[in-house]
Amino acid sequence: MILETEKSCSKCGEMIVEKYKLGEMEEKFADLIWEREPIASGELAKAAEAEFGWKRTTTYTMLKRLCVRELFVNEGGIVRALMTREDFQAARGELFLQENFNGSLPMFLTAFSKRKKLSGDDVEQLKALIDEYEDET
């Protein structure tokens, strides 16, 4: 879980929200929405109270944060996703690679496999992904 959710703009110094970095509770709340969406905001508040013990105001504050990040939208009291959980995870993975490995998947795999040996199944899955990619190009 990446807990940092704001950083300073390099040009103006203002704090900006990082779209794909969620705190632990933001992520749990996003999962709650993805599991139930589309959902009425009142029903979402009830679900958050049952799941997390939150007050209605806490739910709406958290929802606003996720709407600012353009993950969800609350239109006419109905909350729906603007991005699937899978698309969010893919974008977060891309961001992780960019920030930590200059966007290089091979650099990541090299670093990863130094600490954790890839199983035969892992290698076969990676080969299948590469073969699939080569067939598409």
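Contact here means heavy atoms within 4.5 Å, and the structure shown in each of the views below is a predicted model.

**Figure 1. Helix α4 and the elements that cover its buried residues.** The residues F88, A91, R92, L97 and F101 of α4 are buried, and what covers the buried residues of this helix includes α1 and α5 (105-115). An α-helix has 3.6 residues a turn, so residues three or four places apart point the same way. At 1.5 Å a residue, the 17 residues of α4 should span 24 Å, and the 23 Å between its end C-alpha atoms agrees with this expectation. The helix is followed by N102, a residue with a positive phi, near 50°.

**Figure 2. Aromatic pairs involving residues of α4.** A search of the whole structure finds nine aromatic pairs, among them the pair of Y20 and F88, whose ring centres are 5.9 Å apart and whose planes stand at 50°, so that the pair is tilted. Because Y20 lies in the loop between β2 (15-17) and α1 (24-36) while F88 belongs to helix α4 (residues 85-101), this pair ties together parts that are 68 residues apart in sequence. Both Y20 and F88 are buried. In the pair of F101 and F108, the ring centres are 5.5 Å apart and the planes are at 80°, so this pair is edge-to-face. F101 counts as buried at 15% relative accessibility, whereas F108, at 24% relative accessibility, counts as partly exposed. Ring pairs also link Y20, W34, F72 and F88 into a cluster.

**Figure 3. Salt bridges that join α4 to other parts of the chain.** Eleven salt bridges are found in a search of the whole structure, and one of them joins the side chains of K21 and E99, with an N to O distance of 3.1 Å. Since K21 sits in the loop between β2 and α1 and E99 in helix α4, the pair ties together parts that are 78 residues apart in sequence. K21 is buried, with a relative accessible area of 7%, whereas E99 is partly exposed, with a relative accessible area of 41%. R85 forms a salt bridge with D31, and the closest N and O atoms of this pair are 3.2 Å apart. Here R85 lies in helix α4 and D31 in helix α1, so the pair ties together parts that are 54 residues apart in sequence. R85 counts as partly exposed at 24% relative accessibility, and D31 counts as partly exposed at 24% relative accessibility.

**Figure 4. The hairpin of β4 and β5.** Strand β4 (residues 72-75) pairs with strand β5 (residues 78-81) in the antiparallel sense over four bridges. The two strands form a hairpin with two residues between them, and G76 in the turn has a positive phi of about 60°. E75 stands opposite I78 in β5, and the side chain of E75 also meets that of R80 in a salt bridge (3.2 Å, N to O). E75 counts as partly exposed at 46% relative accessibility, and R80 is partly exposed, with a relative accessible area of 34%.

**Figure 5. The protein chain as a whole.** The protein chain has six helices and five strands, which follow the pattern β-β-α-β-α-α-β-β-α-α-α along the sequence. Of its 137 residues, 27% are buried. Among contacts in the protein chain between residues at least 6 apart in sequence, 45% join residues at least 24 apart. The chain exposes about 9500 Å², of which carbon and sulfur atoms supply 51%.

How values were computed. Residues numbered from 1 in each chain as written. Predicted model: local features only at pLDDT ≥ 70, side-chain atom pairs only at ≥ 80, totals over all residues. Heavy atoms only, no water. Phe/Tyr/Trp six-rings, centres within 6.5 Å; stacked < 30°, edge-to-face > 60°. Buried < 20%, exposed > 50% of the residue type's maximum accessible area, 1.4 Å probe, protein only. Pairing = 2+ DSSP bridges. Expected span 1.5 Å × (residues − 1). Areas by Shrake-Rupley, 256 points an atom, 1.4 Å probe, with all protein chains shown as cover. Salt bridge = Lys/Arg side-chain N within 4 Å of Asp/Glu carboxyl O.
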